[in-house]
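Here is a short report on packing and backbone details. Have the structure open while reading.

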Amino acid sequence: MKQQALFSFSLLLLFLHSRTFAQSPAAAPAQPPPVAPVKAPPAPPAQSPSGVQVAPSPGPLDVVKILGKASHFSVFVRLLKATQVDTELFLQLNNTNNGATIFAPSDGAFSGLRVGTLNSISDGDKIELVKFHIVPLFISTSQFDTVSNPIRTLAGAGNRFALNVTTGGNLVNITTGLTNTTISGTVYTDSRLAIYQVDRVLLPLDMFTPKSPSPAPSPAPAPEMPKKAPVVETPVAPKKDISSAVSLMVYDYVLLEFFAVGIVTAMVSF
């Protein structure tokens, strides 16, 4: 009897436990911890044919800083600062809608000049030389096929500053009448500014053409010496021969004295 009661109590506990388990909600499956998104590595900057980076520059466009990062345009940067053309470019690029294209000579280009070339020109010529390398509009590499020659630079236009650009295949050729070179790489480009490397300094024809020496002025004729008035000689009267006159006077005197003595003698005799 005791065993039967114990069995019945066990069944009752089992029934109650099963009912409680059936009514309790199922536990939610465990969620994995959130995984942080993996950032893709930044794309490498585009490379120009010469290996110079081509990427937009944050902040205001500063040609001096852009060329300074390239590290082999120190002479051109020094000329930009000395002539204050860098300030003109900064104001144009950041305060107007005008773009610019710069043909930047490398340090090797300047070392190819004849010794003393830069020191032999005036400060005004240095300004014109720097501006001759700058076109006051943006020209992409694909637009060189359509430009009109001669290209107007900041230095001006005409025969004095003739800059001509021609293309052949992938080459962009630049001629000035004295300099013939090609674009060897792109230093910087965006929608308003393009800087291209050239390996020769662009020399304006008129500025560096040897001038033919001007003929020396003919010497002025020597002033004529005043002519001396002709010497007029005073005619000398011929000397008179007075010896005969003296003899006649002596004779007259003797004769007069003789007559006088005769008269005195006659008077005494009377």
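Ring pairs join F103, F144 and Y196 into a cluster. The model is a predicted one. A search of the whole structure gives four aromatic pairs.

Beyond its neighbours within four places in sequence, F103 contacts H133, V135, F144, L163, I174, I183, Y196, V198 and L202. F103 also belongs to the largest nonpolar core, which has 50 residues. Within that core, V63, L67, L80, I102, F103, L193 and I195 touch the most other members. In soluble globular proteins, nonpolar side chains tend to be buried together.

Next comes helix α4, residues 85–95. Its buried residues are V85, L89, Q92 and L93. They span an arc of only 90° around the axis, so they sit on the same side of α4. What do the buried residues of α4 pack against? The partners are α2, α3 (74–82), β3 (100–105), α6 (123–131), β4 (134–135) and β8.

Helix α2 covers residues 63–70 and contains I66. I66 is buried, at a relative accessible area of 10%; the cut-off for buried is under 20%. Leaving aside neighbours within four places in sequence, I66 contacts Y188, L193 and I195. I66 and I195 are 129 residues apart along the chain, yet their C-alpha atoms are separated by 9.1 Å.

Strand β8 spans residues 193–198 and includes Q197. Is Q197 buried or exposed? Q197 is buried, with a relative accessible area of 9%. Its side chain makes a polar contact with the side chain of D199, at 3.0 Å.

The backbone has some points to check. N149 and P150 are joined by a cis peptide bond, with omega about -10°. P150 lies in the loop between β4 and β5 (164–168).

The cut-off for exposed is over 50%.

Definitions and conventions:
Residues are numbered from 1 along each chain as its sequence is written. This is a predicted model: local features need pLDDT of at least 70, side-chain atom pairs count only at pLDDT 80 or more; totals for chains, interfaces and linings use all residues. Side-chain values use heavy atoms; hydrogens and water are left out. Helices (H or I, at least four residues) and strands (E, at least two) are DSSP runs, numbered from the N terminus. Buried means under 20% relative accessible area, exposed over 50%, partly exposed in between (1.4 Å probe, protein chains only). Contact means heavy atoms within 4.5 Å. A polar contact is a pair of N or O atoms within 3.5 Å; within protein, one must be able to donate a hydrogen and the other to accept it, and residues adjacent in sequence count only if both atoms are side-chain atoms. Rings of Phe, Tyr and Trp (its six-membered ring) pair if their centres lie within 6.5 Å; planes under 30 degrees apart count as stacked, over 60 as edge-to-face and the rest as tilted. The arc is that of the directions from the helix axis to the C-beta atoms. A nonpolar core is a set of buried Ala, Val, Leu, Ile, Met, Phe, Trp, Tyr and Cys residues joined through side-chain atoms within 4.5 Å.
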